[in-house]
Protein chains: 2
Amino acid sequence: MSIGVTTPKEFRASGVACGLKKTGALDLALVASDHDCACAGVFTTNQVKAAPVVYDQQTLAKNSGAMRAVVINSGCANACTGEPGLADTRATADATARALGCRADQVLVLSTGVIGQRLPMEKILAGVNNAAQNLSPTGGADASRAIMTTDTRPKVYQLPFANYSIGGMCKGAGMIHPNMATMLAVITTDAKIAPARLDRALRVAVNASFNRISVDGDMSTNDTLLVLANGASGYEIRDSELGDFTNALTQVATNLAQQLVRDGEGATKFVEIAITGARDESDAARVAKSIANSPLTKTALYGGDANWGRVVCAAGYSGVAVDPAKMKLWFGDVNVFANGTPTNFDEADSTRAIAGADIFIRLDLGQGDARATVWTCDLSHDYVTINGKYRT
Amino acid sequence: MSIGVTTPKEFRASGVACGLKKTGALDLALVASDHDCACAGVFTTNQVKAAPVVYDQQTLAKNSGAMRAVVINSGCANACTGEPGLADTRATADATARALGCRADQVLVLSTGVIGQRLPMEKILAGVNNAAQNLSPTGGADASRAIMTTDTRPKVYQLPFANYSIGGMCKGAGMIHPNMATMLAVITTDAKIAPARLDRALRVAVNASFNRISVDGDMSTNDTLLVLANGASGYEIRDSELGDFTNALTQVATNLAQQLVRDGEGATKFVEIAITGARDESDAARVAKSIANSPLTKTALYGGDANWGRVVCAAGYSGVAVDPAKMKLWFGDVNVFANGTPTNFDEADSTRAIAGADIFIRLDLGQGDARATVWTCDLSHDYVTINGKYRT
């Protein structure tokens, strides 16, 4: 059985080692369809954009209805490389197109790794040819390994329905501000869908998944999520099917996003932060992210310290108008704070509530009916070790 | 010779142990003047404000011209303690006033430590009496020790001029987002100055010092800076002297703020980030803070990795419109990035530039003439250790 991006029909993929990673591990992935694909993408909002981001945005704007392939290298981000870097991306797309027998504007390019180094093009071009020769309908697993950087495991997910399938893979890792490490995701489907509808579905799905592990506007130079639909199932998504398709796409995206969090650099705990009782969803998400990005909260959870004061404090500086006298806070099912003061909870209970690998924190703001959930991880010694020595 | 808050004439201070710290260390400080003082303060913008912050803001609004004393406890923040916490603060001020023979509205109260626990009032009241009995014109040193929490050393500074003196002390520590640990500072002067002028001078001084190690609006529940002027030198600060006085106050505040950074939790390196060539000072400060608060940059500096890509990336998501093609970046005097690409620098030189305990990073945005400097520290294993086990 095929997993990840090769779950949908008539997608093939491969992962090869072309020498970008000193370890000799897989470092170049190719995902290709035998048919033209509708394609939609979401890209970093960082003003310092890597060459492949600039290239893909331009290419996608011109050709969102007939994409054929995505080529991805790990080990080098091709960011802060100026015009020469952009030429390298173009050469990578050209070589992939030649190897696949399609046009260059039918190929998108993704890169992840160290910033500021040029791609070793000789290795890349050899790798592209090797990857094209190795394309396989069961290649989703290799592809998901070839895109890893500090990830400790590959991340794939798939939903095989009767009528059509959706499959995907992603890589991430840095998790203190989640999207400061490059997040790359490729999702494929054999549903038949017009590019504009696919774009609409993708934006809804991303907002409820990848954007809920991240701070808006606070992104790496390379962050990209692409979805390709090759129509091979023959099942068409019209407006009447768009709701169900969007839900399915959201489910795949949420699962992949949560896998990113669980594999956050040095993460020992997975933390779900649910804000309820907010005036609107945007307020709820803002408070949740303020807590999720508080290093003091994250280190306390790592240390097994149910330090609820840091959670309340982070809500207080979130920028949302909150009133501590109306707040209620739970660690697991232990209500630790209400009416502006700690409740008479037993410290042993609150400590037990955060002792496991999965932690649930709920903060009710007492202001309305809106809610939002954000996922994050703890901040550990290993996070510092990993990021202190990333390039060596 | 007296140091810190007792450098100016006719200020007395003390630091005693009243049992708030389990170690038996000094945990209650008193700073008092024999004369009524002009007083100005700057307080946290966090919407969750500790009881003493609420109390001091109200008291100062009514009585900024005749303050007599500041009483400070460490070990308990008296935050998230509701109305009972506010009553505890009031009782602390009352007891201090009785011990000193002044009115309660002539006493301000500061607290720092764990959030959400009530003050042990019996210990506090005994401590207040003990501190009042121990007031001394050389007590600035003890007072500066009694306000410490995770600080590894006391922080004092003084400028003794011919006409008047300024002295101060502060405590801080958490440094990943600098002001998420409580920052408390008390500055005294024997200059004679009207409360409104003192307030104006303080705001200028804070903006160039404590606000340059912090993110606006991103503050703890307790952050407070107070300045008291008792006029004992007889030297009056009128509008003609206000510029010089403001400069002197800024110098004291900057020195104290930099001591906070140098003693940041787990800090092994002091990092000055200078942004030049910005459109205006606000842009420059925003970019500088984005870099200063980037955990990836801070861990790289800790690890001795001159990972300039992370600096450029943090500038890119700062929210300021920047153009990487116009940027120039230096580690020490090594220009590592220009024209959108890395320069041909020697990696050994850039590594050497960040090998010491003091690191200087300069980023020119190539957009104008404005500049701003921000100070921060690195993010180390010890930061995680300290904050994972803070309450235990």
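1. Cover over helix 8 of chain A. In this predicted model, the buried residues of helix 8 of chain A are covered by elements that include strand 9 (270-278), helix 7, helix 9 and strand 13 (358-364) of chain A.

2. Extent of burial. How many of the eight residues of helix 8 (residues 295-302) of chain A are buried? Eight of the eight are, so helix 8 of chain A is largely enclosed by the rest of the structure. The buried set takes in Pro295(A), Leu296(A), Ala300(A), Leu301(A) and Tyr302(A), together with Thr297(A), Lys298(A) and Thr299(A). Just after this helix, Gly304(A) has a positive phi of about 75°.

3. Helix 7 against helix 9. Helix 7 (residues 281-292) and helix 9 (residues 308-316) of chain A meet at an angle of about 130°, and their axes are 8 Å apart. That angle makes helix 7 of chain A oblique to helix 9 of chain A. Their crossing is right-handed.

4. Residues at that contact. Helix 7 of chain A contributes Val287(A), Ser290(A) and Ile291(A), while helix 9 of chain A contributes Val311(A), Ala314(A) and Ala315(A). By type, the contact of helix 7 with helix 9 of chain A has five nonpolar residues, one polar and no charged.

5. Val287(A) and the core. Which residues have the most contacts inside the largest nonpolar core? They are Val31(A), Val287(A), Val31(B) and Val287(B), in a core of 258 residues. Leaving aside residues up to four places away in sequence, Val287(A) touches Ile275(A), Ala278(A), Ala315(A), Ser318(A), Val320(A), Val322(A), Leu363(A) and Leu365(A). Ala315(A), one of these, is part of the helix 9 side of the contact described in point 4.

6. Positive phi at Asn339(A). Most residues other than glycine have a negative phi. Asn339(A) is not a glycine, yet its phi is positive, at about 55°. Asn339(A) sits in the loop between strand 11 (334-338) and strand 12 (341-342) of chain A. Is Asn339(A) buried or partly exposed? Asn339(A) is partly exposed, with 14 other C-beta atoms within 10 Å.

7. Positive phi at Glu10(B). Glu10(B), also a residue other than glycine, has a positive phi near 60°. Glu10(B) lies in the segment before strand 1 (11-16) of chain B. Glu10(B) is partly exposed, with 16 other C-beta atoms within 10 Å.

Notes. Residues numbered from 1 in each chain as written. Chains lettered and ligands numbered in written order. Predicted model: local features only at pLDDT ≥ 70, side-chain atom pairs only at ≥ 80, totals over all residues. Core = buried A, V, L, I, M, F, W, Y, C linked by C-beta atoms within 7 Å. Buried ≥ 20, exposed ≤ 12 C-beta atoms within 10 Å, placed from the backbone. Contact = placed C-beta atoms within 7 Å. Axes fitted to C-alpha atoms, helices over the stretch in contact; angles between N-to-C directions. Helix = DSSP H or I, 4+ residues; strand = E, 2+ residues; numbered from the N terminus. Parallel < 35°, antiparallel > 145°, perpendicular 65-115°, else oblique. Left-handed = near helix turned anticlockwise from the far one by under 90°. Nonpolar A, V, L, I, M, F, W, Y, C, P; charged D, E, K, R; others polar.
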